Amino acid sequence: LNTVPVPKWALIAVAVAVVVLLILFLVCVIKCCCSKKKPKKKEKVNLLSVSSSTTASLVQPEMEDLEHSAEDKKRGKLQYSLEYNLRAQEMKVGVKQAADLKAMDSGGTSDPYVIVYLTSDMKKKYETKVFRKTLNPVFNESFTFQVPQAEMPESTLVMQVYDFNRFAKHDIIGEVRLPLASVNLQRAIEQWSDLAAASKVEQERLGEVCFSLRYVPSTGKLTVVVLEAKKLKRMDSRGLSDPFVKVHLILNRKKWKKRKTSVKKNTLSPYFNEVFVFEVPFNQIQNVDLVVSVWDHDKMTKNEQIGKLFLGCRATGNQLRHWSDMLSNPRRPIAQWHSLQPVDVVDKALGLKTHLKLPLHTR
């Protein structure tokens, strides 16, 4: 040690470290040899490949789901009947009674009544009488809906049980939704159904419209062919409408040009096949919105809008796709069906400015 050119304390530290490592190595060897081998699992699930939210839902249900399922059991049940008259094209709905309703008042009772409607015609709703302070009301009321057989598979019968409140908003206890496509209406039926939690406010179906677009950049001509519409909302008391279509062009959020089709009487599925040609220079096509609206004509009162939609570079979804297809396929007509949207929603999205006539030079 005296001949090695290293301090004596450093050599001692190295020796101690070596001894400690040897001891740890021996302990590991002994532990591996003495411990029993664990049986291998036949199947291994790699939860790392599954997202955390999905993994959690597989392990246990959400607390909200448990609460909703518990609430649904306490809402009660409703007895009703259905009878469809094929010759008269009408459906008779009988609201019989309810049982074991959820108590909505502080006194442990409710003041229930039922609202009945079809999703195909939400404008027409019926209400039963209100029964005071009971959880087991007997209604025994019937309501008749005019429903063409062709529309039956696409409609749902909704029966909502409410708690009446004279000084505040009425609370919904629960509802029964019955898709008519799943019901055999060749014979009268009468049954009980459990009340479920009320669905979110559904958007009324306004109908669909089909039209084609064609744009020729060299001539600056935009051709709109209004082809047809279907499943339009009923606007008349007899369950029909007198529809026509307006086509507007909007430039830089200001109304510019407009055309309209002829009126089709007493129909919810009109056929137009009318052509409108607009001159839109190529340098302005990116700033143009095309607004298509469907109206119900009325001789005695003001015409009512059924619904509308708009296309252009500011549009979204199917409307934007249709507009993009037109621009990417010049000189070729592109036809597509579109669902009508509520008027206020479209007007808000357009954000129109005050109307000004714009002098636009095409050359």
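Two strands are taken as paired if DSSP finds at least two bridges between them. In this predicted model, an open sheet is formed by 4 strands in the order β12-β11-β14-β15, with antiparallel pairing. At the level of individual residues, I250 has K255 in β12 as its bridge partner.

Helix α4 (residues 317-328) lies across β14 (288-296) and β15, and runs at about 50° to β15. Helix α5, comprising residues 343-350, packs on the sheet and touches β11, β14 and β15. The direction of α5 makes about 35° with that of β15.

The mean pLDDT of the chain is 80, and 80% of its residues reach 70 or more. The highest confidence is found in strand β2 (residues 90-99), at 94, whereas the lowest is found in helix α2 (residues 52-59), at a mean of 37. Over residues 39-72, pLDDT stays under 50, and the model has 6 contacts beyond four places in sequence for this stretch. A further stretch, residues 354-363, also stays under 50 in pLDDT; for these residues the model has 13 contacts beyond four places in sequence. Where pLDDT is low, predicted coordinates should not be read in detail.

Note on methods: Residues are numbered from 1 along each chain as its sequence is written. This is a predicted model: local features need pLDDT of at least 70, side-chain atom pairs count only at pLDDT 80 or more; totals for chains, interfaces and linings use all residues. Side-chain values use heavy atoms; hydrogens and water are left out. Helices (H or I, at least four residues) and strands (E, at least two) are DSSP runs, numbered from the N terminus. Contact means heavy atoms within 4.5 Å. Axes are lines fitted to C-alpha atoms, for helices over the stretch in contact, and angles run from 0 to 180 degrees between N-to-C directions. pLDDT is the predictor's confidence in each residue, from 0 to 100.
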